[in-house]
Amino acid sequence: MTEQLQHIRRVLQEREPQVIDEWVAEVLAASGARTEGAHRTLQAEAQEIARTLKAALDAGADSSRFDSPGWVPLRQVLEGLSRSRAAQGQSAAETSLFVLALKKPFFAALQDTLADDRQALLGSLWAISTLVDKLAQWTASAYQQTREELIKRQQQDLLELSTPVIKLW
(Lines give C-alpha, C1' and ligand atoms only; values in the text may rest on other atoms or scores of the structure.)
Protein backbone atom coordinates (compact mmCIF):
# COMPACT_ATOMS: atom_id res chain seq x y z
CA MET A 1 0.00 0.00 0.00
CA THR A 2 1.34 3.41 -0.91
CA GLU A 3 2.01 6.06 1.69
CA GLN A 4 -0.88 8.14 0.34
CA LEU A 5 -3.32 5.25 0.70
CA GLN A 6 -2.05 4.68 4.24
CA HIS A 7 -2.95 8.27 5.08
CA ILE A 8 -6.41 7.81 3.56
CA ARG A 9 -6.87 4.60 5.53
CA ARG A 10 -5.76 6.36 8.71
CA VAL A 11 -8.32 9.14 8.17
CA LEU A 12 -11.02 6.50 7.73
CA GLN A 13 -9.96 4.74 10.92
CA GLU A 14 -9.61 7.84 13.07
CA ARG A 15 -12.26 10.18 11.65
CA GLU A 16 -14.84 8.04 9.89
CA PRO A 17 -17.88 9.34 11.86
CA GLN A 18 -16.82 12.96 11.29
CA VAL A 19 -16.16 12.41 7.57
CA ILE A 20 -19.53 10.66 7.14
CA ASP A 21 -21.42 13.37 9.03
CA GLU A 22 -19.82 16.12 6.93
CA TRP A 23 -20.38 14.09 3.75
CA VAL A 24 -24.09 13.65 4.49
CA ALA A 25 -24.42 17.32 5.46
CA GLU A 26 -22.79 18.31 2.16
CA VAL A 27 -25.21 16.14 0.17
CA LEU A 28 -28.25 17.37 2.12
CA ALA A 29 -27.22 21.00 1.61
CA ALA A 30 -26.76 20.47 -2.12
CA SER A 31 -30.01 18.55 -2.60
CA GLY A 32 -32.19 20.60 -0.31
CA ALA A 33 -33.62 17.43 1.25
CA ARG A 34 -34.31 17.93 4.92
CA THR A 35 -36.39 14.92 5.98
CA GLU A 36 -35.24 12.56 8.68
CA GLY A 37 -35.78 9.64 6.30
CA ALA A 38 -33.48 11.17 3.68
CA HIS A 39 -30.85 11.80 6.34
CA ARG A 40 -31.00 8.20 7.62
CA THR A 41 -30.83 6.79 4.09
CA LEU A 42 -27.84 8.92 3.14
CA GLN A 43 -26.13 8.10 6.44
CA ALA A 44 -26.56 4.34 5.85
CA GLU A 45 -25.32 4.59 2.25
CA ALA A 46 -22.30 6.67 3.28
CA GLN A 47 -21.44 4.25 6.11
CA GLU A 48 -21.62 1.28 3.76
CA ILE A 49 -19.36 2.97 1.20
CA ALA A 50 -16.88 4.03 3.91
CA ARG A 51 -16.88 0.52 5.41
CA THR A 52 -16.18 -1.19 2.08
CA LEU A 53 -13.62 1.45 1.10
CA LYS A 54 -11.77 0.86 4.36
CA ALA A 55 -11.97 -2.92 3.86
CA ALA A 56 -10.54 -2.60 0.34
CA LEU A 57 -7.68 -0.45 1.62
CA ASP A 58 -7.06 -2.90 4.48
CA ALA A 59 -6.90 -5.72 1.92
CA GLY A 60 -4.27 -3.78 -0.07
CA ALA A 61 -6.42 -3.04 -3.13
CA ASP A 62 -4.53 -1.23 -5.88
CA SER A 63 -6.07 2.22 -6.36
CA SER A 64 -4.68 2.45 -9.89
CA ARG A 65 -6.72 -0.62 -10.89
CA PHE A 66 -10.28 -0.16 -9.72
CA ASP A 67 -11.28 -3.22 -11.76
CA SER A 68 -9.05 -5.49 -9.63
CA PRO A 69 -10.57 -8.10 -7.27
CA GLY A 70 -9.77 -6.07 -4.14
CA TRP A 71 -12.42 -3.52 -5.10
CA VAL A 72 -15.25 -6.01 -5.83
CA PRO A 73 -17.19 -5.39 -2.58
CA LEU A 74 -17.03 -1.62 -3.04
CA ARG A 75 -18.05 -1.88 -6.69
CA GLN A 76 -21.01 -4.03 -5.63
CA VAL A 77 -22.10 -1.44 -3.06
CA LEU A 78 -21.86 1.30 -5.69
CA GLU A 79 -23.86 -0.80 -8.16
CA GLY A 80 -26.55 -1.36 -5.51
CA LEU A 81 -26.66 2.37 -4.83
CA SER A 82 -27.02 3.10 -8.54
CA ARG A 83 -29.75 0.47 -9.00
CA SER A 84 -31.69 1.79 -6.04
CA ARG A 85 -31.48 5.40 -7.15
CA ALA A 86 -32.32 4.58 -10.77
CA ALA A 87 -35.42 2.69 -9.62
CA GLN A 88 -36.42 5.73 -7.51
CA GLY A 89 -36.15 7.97 -10.56
CA GLN A 90 -33.11 9.94 -9.41
CA SER A 91 -30.72 11.15 -12.10
CA ALA A 92 -27.23 9.87 -12.83
CA ALA A 93 -25.92 13.31 -11.86
CA GLU A 94 -27.56 13.16 -8.42
CA THR A 95 -26.16 9.68 -7.89
CA SER A 96 -22.58 10.54 -8.84
CA LEU A 97 -22.73 13.86 -6.96
CA PHE A 98 -23.47 11.88 -3.81
CA VAL A 99 -20.17 10.04 -4.26
CA LEU A 100 -18.24 13.15 -5.31
CA ALA A 101 -19.43 14.98 -2.18
CA LEU A 102 -17.05 12.71 -0.23
CA LYS A 103 -14.11 14.80 -1.45
CA LYS A 104 -14.73 17.93 0.63
CA PRO A 105 -14.87 16.28 4.07
CA PHE A 106 -11.99 13.98 3.16
CA PHE A 107 -9.87 16.91 2.01
CA ALA A 108 -10.56 18.70 5.31
CA ALA A 109 -9.68 15.61 7.35
CA LEU A 110 -6.46 15.08 5.40
CA GLN A 111 -5.51 18.75 5.84
CA ASP A 112 -5.97 18.42 9.60
CA THR A 113 -4.10 15.14 9.76
CA LEU A 114 -1.19 16.11 7.50
CA ALA A 115 -0.89 19.83 8.22
CA ASP A 116 2.82 19.49 9.04
CA ASP A 117 3.75 17.46 5.95
CA ARG A 118 2.82 19.33 2.76
CA GLN A 119 4.27 16.70 0.41
CA ALA A 120 2.29 13.92 2.05
CA LEU A 121 -0.79 16.15 2.05
CA LEU A 122 -0.53 16.90 -1.68
CA GLY A 123 0.02 13.25 -2.56
CA SER A 124 -2.85 12.12 -0.36
CA LEU A 125 -5.21 14.77 -1.74
CA TRP A 126 -4.41 13.63 -5.25
CA ALA A 127 -4.86 9.96 -4.29
CA ILE A 128 -8.29 10.48 -2.68
CA SER A 129 -9.39 12.78 -5.49
CA THR A 130 -8.59 10.24 -8.21
CA LEU A 131 -10.06 7.39 -6.14
CA VAL A 132 -13.34 9.23 -5.53
CA ASP A 133 -13.46 10.13 -9.24
CA LYS A 134 -13.19 6.40 -10.05
CA LEU A 135 -15.99 5.65 -7.58
CA ALA A 136 -18.18 8.29 -9.23
CA GLN A 137 -17.39 6.97 -12.72
CA TRP A 138 -18.28 3.44 -11.65
CA THR A 139 -21.50 4.73 -10.12
CA ALA A 140 -22.47 6.61 -13.28
CA SER A 141 -21.72 3.57 -15.46
CA ALA A 142 -23.73 1.27 -13.20
CA TYR A 143 -26.58 3.78 -13.17
CA GLN A 144 -26.61 3.94 -16.97
CA GLN A 145 -26.61 0.14 -17.26
CA THR A 146 -29.47 -0.09 -14.75
CA ARG A 147 -31.53 2.52 -16.62
CA GLU A 148 -31.01 0.62 -19.88
CA GLU A 149 -32.19 -2.60 -18.19
CA LEU A 150 -35.25 -0.82 -16.78
CA ILE A 151 -36.12 0.61 -20.20
CA LYS A 152 -35.77 -2.80 -21.88
CA ARG A 153 -37.97 -4.38 -19.21
CA GLN A 154 -40.59 -1.65 -19.63
CA GLN A 155 -40.51 -2.07 -23.40
CA GLN A 156 -41.05 -5.82 -22.99
CA ASP A 157 -43.93 -5.20 -20.58
CA LEU A 158 -45.55 -2.77 -23.03
CA LEU A 159 -45.10 -5.24 -25.86
CA GLU A 160 -46.82 -7.93 -23.83
CA LEU A 161 -49.66 -5.57 -22.96
CA SER A 162 -50.17 -4.52 -26.57
CA THR A 163 -50.29 -8.07 -27.93
CA PRO A 164 -53.90 -8.92 -28.74
CA VAL A 165 -55.40 -11.78 -26.82
CA ILE A 166 -57.93 -13.97 -28.58
CA LYS A 167 -60.11 -16.22 -26.51
CA LEU A 168 -60.70 -19.64 -27.91
CA TRP A 169 -63.88 -21.33 -26.74
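The largest pocket of this predicted model is lined by 19 residues. V27, S31, L42, R85 and E94 lie nearest its centre. The volume of this pocket is about 410 Å³. Four helices each supply at least two residues of its lining: α1 (3-31), α2 (36-58), α3 and α4 (92-100). Of these, α1 gives the most, with 5 residues. By class, the pocket lining holds 10 nonpolar, 5 polar and 4 charged residues.

A search of the whole structure finds 1 cavity of 30 Å³ or more. The largest cavity has a volume of about 30 Å³. Its lining consists of L12, E16, V19, I20, W23, A50, L53, L102 and F106. Both α1 and α2 supply at least two of the residues around this cavity. The largest share, 5 residues, comes from α1. The cavity lining divides into 8 nonpolar residues, no polar ones and 1 charged.

Both linings draw on α1 and α2, and these two helices also pack against each other. Two packed helices are described by the angle between their axes and the distance between the axes. For α1 and α2, the angle is about 165° and the axes are 9 Å apart. Angles over 145 degrees count as roughly antiparallel, and α1 and α2 are therefore roughly antiparallel to each other. Their crossing is right-handed.

Which residues make the contact of α1 with α2? On the α1 side they are L5, I8, R9, L12, Q13, E16, I20, D21, W23, V24, V27 and L28. On the α2 side they are H39, L42, Q43, A46, Q47, I49, A50, R51, L53, K54, L57 and D58. This contact has 14 nonpolar, 4 polar and 6 charged residues.

The next pair is helix α3 (residues 72-87) and helix α6 (residues 118-162). Their axes come within 8 Å and cross at roughly 45°. The crossing of α3 and α6 is right-handed. From α3, the contact takes in L74, R75, L78, E79, L81, S82, R83, R85, A86 and A87. These meet L135, W138, T139, A142, Y143, T146, R147 and L150 in α6. The contact residues divide into 10 nonpolar, 3 polar and 5 charged.

Helix α6 has another partner, helix α5 (residues 103-113). The axes of α5 and α6 come within 10 Å and cross at roughly 160°. That makes α5 roughly antiparallel to α6. The crossing of α5 and α6 is right-handed. On the α5 side, K103, F106, F107, L110 and Q111 make the contact. On the α6 side, the partners are L121, S124, L125, I128, S129, V132 and D133. The contact of α5 with α6 has 7 nonpolar, 3 polar and 2 charged residues.

Technical notes. Residues are numbered from 1 along each chain as its sequence is written. This is a predicted model: local features need pLDDT of at least 70, side-chain atom pairs count only at pLDDT 80 or more; totals for chains, interfaces and linings use all residues. Side-chain values use heavy atoms; hydrogens and water are left out. Axes are lines fitted to C-alpha atoms, for helices over the stretch in contact, and angles run from 0 to 180 degrees between N-to-C directions. A crossing is left-handed if the near helix is turned anticlockwise from the far one by less than a right angle, and right-handed if clockwise. Contact means heavy atoms within 4.5 Å. Ala, Val, Leu, Ile, Met, Phe, Trp, Tyr, Cys and Pro count as nonpolar, Asp, Glu, Lys and Arg as charged, and the others, Gly among them, as polar. On a 1 Å grid over the protein atoms alone, a cavity is a set of points where a 1.4 Å probe fits but cannot get out, and a pocket is an open set with protein on both sides within 12 Å along at least five of seven lines; lining residues have an atom within 4 Å of a point. Grid points are joined across faces, edges and corners, and a volume is the space filled by probe spheres set on the points. Angles under 35 degrees count as roughly parallel, over 145 as roughly antiparallel, 65 to 115 as roughly perpendicular and the rest as oblique.
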